[in-house]
Amino acid sequence: MEALKVIGHEKIGKIEFTGIEGGFGEGKKAILAKDAALIHTQPVGNINRIVNNNRKWFEDGIDVIDLKDNKNFAMLLKQSGFSQNQINASDHIYLFSERGYSMLVKFMSDEKATQIYKQLLNNYFNMRVAIKENKPAIVNQERLKIMKDNSATRKANMLYKIAMATESNSSKENLLAKAAEVLTGEMTIPVMKQKEYSAKDIAEALNTTANMVGRIANKLGLKAKQPGHNKYGRWANSKSKYSDKEVPQWLYTNEGMKAVKKELEK
C-alpha cells in the first residue's frame, strides 16, 4: 500500500474538503467518507451504511480502506480534521479511491450524485493527475472549460437579473431566452404565466369563426415571425387533425384577444 498524505484543501463549488493522495497507488487521489457526505449533503452514517450494505462489492485496498483498522493512520486522521473523540467513537472511517467513489455514487443512484461525481472527476481526481504527469494540454483544456462555464454562468445571471427588473413581458421573455441560449446553446422561449387562446377559443368567445380571427390577426399584423412571439401571442407546435405531423399554431394572449375583439366591433 502506498503511503497516504494530506495534500491540502480542495473545493467543489463552495464545499471545501480534504485532499488525500496515496493508499491506492502512487499519486492516486482518494476521498474520505466524511467529505463525500459533506459534498453530497448526507450524514456520514448514510455513506458508511451504503458501504456496509454492499461490502462484498467494495474491495479492500482497491476501492476502499478502513482507516480505523490501522493505528498507523492516526496522524493522517488528525491532519484530516478528526478529533480523538471522533476517531474513538467511529466504527469505520472509510477512504475511497476514484473507483470506490464511483461505486458509492452508483449505489446512491440519483441524478444529483452523478452530477457531483462528474465535478469531482474533472476538478479533483483527473486534474491533479494531469499536473503530476506533466500534461499541460489536458490541464489547460480543463481550465479553459471551467473558465468558459463560469463566464457563461455570470453572463446568464446578469441577463436574468435584468429580465426580472423589466416591466415589459415581451422584453422579459427575450432576455430569459437569451440567458437560456448562453447556458445551453439553444434559444428557448419561456412561457410566461398568462392565459393563451387558440383562434377557435377566440371565435367561440366572440361569436365568429376561427378563419375570421386569423384574417383579422393577419390584417393587424398581430403574429410574430416564426418561431417568435410578442405581446399578442406566440408560435407553438400543434398536432394536425389531418395527419400525424405537427404544424405551427399561433396562440393568442389576452392582448391578442382584445385586439381581435376591438377590430370586430368596428
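Biologist: What share of the 266 residues in the protein is buried?

Modeller: In this predicted model, buried residues make up 36% of the 266.

Biologist: How many helices and strands does the protein have?

Modeller: There are 11 helices and eight strands. The protein exposes about 16,800 Å², and carbon and sulfur atoms supply 50% of that area.

Biologist: What makes strand β2 largely enclosed by the rest of the structure?

Modeller: The strand covers residues 15-21, and five of its seven residues are buried, so the rest of the structure encloses most of it.

Biologist: Why is E16 called partly exposed?

Modeller: E16 lies in β2. Its relative accessible area is 42%. Buried needs a value under 20% and exposed a value over 50%, with partly exposed in between, so at 42% E16 is partly exposed.

Biologist: Which residues does E16 touch, not counting those up to four places away in sequence?

Modeller: They are H9, E10, K11 and L38. The C-alpha atoms of E16 and I39 are separated by 8.4 Å, and these two residues are 23 apart along the chain.

Biologist: How do you know that β2 and β3 pair?

Modeller: Pairing requires at least two bridges between the strands. Two bridges join β2 to β3 (residues 29-32), so they pair, and they run antiparallel. Across the pair, E21 stands opposite K29, and I20 stands opposite A30.

Biologist: What joins β3 to strand β5?

Modeller: Two bridges join β3 to β5 (residues 94-96), and these strands run antiparallel. I31 stands opposite F96 there. Within β3, K29 and I31 point one way while A30 and L32 point the other way, and all are buried.

Biologist: What puts the buried residues of helix α9 on the same side?

Modeller: The buried residues of α9 (residues 199-206) are A199, I202 and A203. They cover an arc of only 100 degrees around the axis, so they sit on the same side of α9. The face turned away from that side carries the exposed residues K200, E204 and A205. The buried residues pack against α10, β8 and α11.

Biologist: Why is the contact between R55 and D60 called a salt bridge?

Modeller: The limit is 4 Å between a side-chain nitrogen of Lys or Arg and a carboxyl oxygen of Asp or Glu. For R55 and D60 the N to O distance is 2.6 Å, so the pair qualifies. R55 is partly exposed at 26%, whereas D60 is exposed at 57%. The whole structure has seven salt bridges.

Biologist: Is D63 buried or exposed?

Modeller: D63 has 0% relative accessibility. The cut-off for buried is under 20%, so D63 is buried. R99, at 41%, counts as partly exposed, and E59 is partly exposed at 39%.

Note on methods:
Residues numbered from 1 in each chain as written. Predicted model: local features only at pLDDT ≥ 70, side-chain atom pairs only at ≥ 80, totals over all residues. Heavy atoms only, no water. Buried < 20%, exposed > 50% of the residue type's maximum accessible area, 1.4 Å probe, protein only. Helix = DSSP H or I, 4+ residues; strand = E, 2+ residues; numbered from the N terminus. Areas by Shrake-Rupley, 256 points an atom, 1.4 Å probe, with all protein chains shown as cover. Contact = heavy atoms within 4.5 Å. Arc of directions from axis to C-beta.
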